[in-house]
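Hello,

Here is the structure I promised to pass on. Have a look at it first, and my notes follow below.

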Amino acid sequence: MIFETLDTFGHEQVVFCHNKDAGLKAIIAIHNTVLGPALGGTRMWPYASEAEALNDVLRLSRGMTYKNAVAGLNIGGGKAVIIGDPAKDKSEALFRAFGQFVDSLGGRYITAEDVGIDVNDMEYVYRETQYVTGVHQIHGGSGDPSPFTAYGALQGLMATLNKKFGDEDVGKYSYAVQGLGHVGMEYVKLLKERGAKIFVTDIHKDRVEKAVTDFGAEAVAPDAIYDVEADVYSPCALGGTVNEQTLPRFKFKVICGAANNQLSTDAIGDEVVKRGILYAPDYAVNAGGVMNVALELDGYNRERAMRMMRTIYHNLTRIYEIADRDGIPTYRAADRLAEERISAIGKLKLPMGRSQPRFQGRIRSA
Ligand code: NAD
């Protein structure tokens, strides 16, 4: 049953990690290492069942393969889940035991933060393994990726405006931004700097007030965001907000934002096309975060990270070319770009004596 699923999704390796004394129950899934070592965050969640945890890690690790490939990184896809409640079950022993399992894979899997995990947890993991990103900046970590994600999303937006309207003048268009958290607020700031008209919403009133006061945005109620007459819808909160209930209300011409999994289903993605709305595939737009941590692998540098964000413009442009070339929706074209890259690089014969690029481990400070 498990191997059948691995066959369908194409996973290389799944590791069940157990340490009774430390209370650790975790699963590491390595989906694909053709482009390089598998990189993806660790999620801690009180899964209702082991099957649910397995399902999640298989789905998320596969998603990382596509995201890393489209981002142009020499990195494969992986992910880990720890079964437990982040509010109650965290301990030094648990994260160090997990770190030992990551280490045992010898660099085939490199971990990072995800839902339920913070930089302090990663410090414990780091005591046991060098195969970890997102550690504290004093160890050469890259810090909060959100400003990079926002800047990267702006690059994706420009490519998308260019495709839809034939110019990339961000300030000429209007925006409905949902979610004013780490990424959303920074994104609003970037839009404002370019002179755009911005509508905003959040379930936290203070964040809305800040966007109104600091960036001249117009506030709307959380559910009213779907009815706003704006050119672009920018989801920067939850996934699944483009769905059967919301889509019929859209007057937007473009969907481009940083949230993960914006389309509730593939069928909705097809419906978006029928309505003449251009969808900027989420995982290509929000790749700034993973680009940022990937840079830690060979020496982090902010300036280099900022330059790398600009490649998101070209990645989106390439996706739109593939969509036109093959007559497919953009969400499918993004997957195709990933598959084509993995297939092309996988066929490359490496020069004698050279192996695929591999993370050698972080240089430890004393
Ligand atoms: P965050 O938690 O800092 O912000 C999310 C914001 O959305 C919060 O202010 C929250 O109050 C608001 N929100 C929640 N439900 C809402 C609703 N129904 N209506 C309106 N607002 C609502 O998260 P973030 O780090 O800014 O990430 C935002 C999205 O971008 C997430 O989907 C995340 O997975 C994705 N993403 C983030 C990064 C990153 O670098 N932080 C990278 C890639 C993808």
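Let me start with the term behind the ring contacts: rings of Phe, Tyr and Trp (its six-membered ring) count as a pair if their centres lie within 6.5 Å, and a pair is stacked with planes under 30 degrees apart, edge-to-face over 60 and tilted for the rest. By that rule, ring pairs join Y226, Y233, F250 and F252 into a cluster.

Some background before the rest. The model is predicted, so to speak of local features we need pLDDT of at least 70, and side-chain atom pairs count only at pLDDT 80 or more, while totals for chains, interfaces and linings use all residues. Residues are numbered from 1 along each chain as its sequence is written, and side-chain values use heavy atoms, with hydrogens and water left out.

**Aromatic rings**

A search of the whole structure gives six aromatic pairs. F165 and Y173 are stacked, because their ring centres are 4.5 Å apart and their planes are at 15°. Y173 is buried at 9% relative accessible area, whereas F165 is partly exposed at 26% (buried is under 20% relative accessible area, exposed over 50%, partly exposed in between, with a 1.4 Å probe and protein chains only). F250 and F252 make an edge-to-face pair, 4.9 Å centre to centre with 70° between the planes, and both residues are buried.

**Helix α7**

Helices (H or I, at least four residues) and strands (E, at least two) are DSSP runs, numbered from the N terminus. In α7 (residues 205-215), the buried residues are V208, A211 and F215. They line one face of the helix, because they fall within an arc of 80° seen down its axis (the arc is that of the directions from the helix axis to the C-beta atoms). The face turned away from this buried side carries the exposed K205, D206 and T213. Just after α7, G216 has a positive phi of about 65°.

**The sheet**

Six strands form an open sheet with parallel pairing, in the order β9-β8-β7-β10-β11-β12 (two strands pair if DSSP finds at least two bridges between them). β9 and β12 (278-279) are at the edges with a single partner strand each, so one side of each has no neighbour in the sheet. Which residue of β8 does Q178 stand opposite? That is T201. Strand β7 (residues 174-178) pairs with β8 over five bridges, in the parallel sense.
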